[in-house]
Amino acid sequence: MALTADRPAQSGTAAVPVGRGDLAVRSRLAAFNAFLLSGLTLWLGLVTLNNLNDFGTNKTLITRMLTMVDLVHDPVRGNGLEWRAMPASMATPALIGVIIYEIVAVALLARAAVLQWRRARGLHSGIATTQQTNLALGIFIGLFLIFLCGGMWFGYWIYIGAAQQVHFTGLIIGLLATLLVNLPSVTGAQKEQ
């Protein structure tokens, strides 16, 4: 079963040009992709807003992770990792860097969501929409990879397993969304060669 809603070719009719309201290649998943990207934009936007509004709590959590205070005070766990600890003064720049990264990711996700809604309505098609969406999702996935790698470096998994699970979930959602928006039936790649 094909996932595209191609219209059967009629003899003597011209192909519908890309950019018109009535596209030859329209995916049944395009609206779902647009909805998904809108949801990711809203979710990450709220995360960013929370980071801005509750800067103190986030700074405290990042300070605990960077200084590895929980591991330093534990006589058994993480003793071999303590040399990686950083000074508490690095927490503010780290949090500001995360917030800037999140703002960029939200802006790119919002742009991709708009492009996907235009694709779903038949107003836009082409590889550019897929490329912009891949860029946005790549930045989204990168955020969680940074969190996971940074957390592994500072041993946060020893004390904050729930945070690691959230980061893995974000990574998995980003990867699945990337697979979904790159299906040939969604991108129209089979027609764009």
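Residues are numbered from 1 along each chain as its sequence is written, and side-chain values use heavy atoms, with hydrogens and water left out. Because the model is predicted, local features need pLDDT of at least 70 and side-chain atom pairs count only at pLDDT 80 or more, whereas totals for chains, interfaces and linings use all residues.

Helices (DSSP runs of H or I, at least four residues, numbered from the N terminus) are compared through axes fitted to C-alpha atoms over the stretch in contact, with angles running from 0 to 180 degrees between N-to-C directions. The axes of α1 (residues 30–53) and α5 (residues 127–153) come within 12 Å and cross at roughly 40°, which makes α1 oblique to α5; angles under 35 degrees count as roughly parallel, over 145 as roughly antiparallel, 65 to 115 as roughly perpendicular, and the rest as oblique. This crossing of α1 and α5 is left-handed, a term that applies if the near helix is turned anticlockwise from the far one by less than a right angle. Contact (heavy atoms within 4.5 Å) is made by Leu-37, Leu-40, Trp-43 and Leu-44 of α1 with Thr-133, Leu-137, Phe-140, Leu-143 and Phe-144 of α5. These residues comprise 8 nonpolar, 1 polar and no charged, where Ala, Val, Leu, Ile, Met, Phe, Trp, Tyr, Cys and Pro count as nonpolar, Asp, Glu, Lys and Arg as charged, and the others, Gly among them, as polar.

Helix α4 (residues 91–120) packs on α5 at an angle of about 150°, with the axes 8 Å apart, and the two are therefore roughly antiparallel. Their crossing is left-handed, and the contact holds 15 nonpolar, 6 polar and 3 charged residues.

For α5 and α6, the axes come within 9 Å and cross at roughly 160°, so this pair is roughly antiparallel, again with a left-handed crossing. Residues that meet include Phe-140, Phe-144 and Phe-147 in α5 and His-167, Phe-168 and Leu-171 in α6; by class, the contact has 14 nonpolar, 8 polar and no charged residues.

The largest pocket is lined by 36 residues, of which Leu-61, Ile-62, Met-65, Phe-147 and His-167 lie nearest its centre. Elements giving two or more residues to this lining are α1, α2 (55–67), α3 (69–72), α4, α5 and α6 (161–181). A pocket is an open set of points on a 1 Å grid over the protein atoms alone, where a 1.4 Å probe fits, with protein on both sides within 12 Å along at least five of seven lines, and lining residues have an atom within 4 Å of a point. The lining divides into 24 nonpolar, 8 polar and 4 charged residues.
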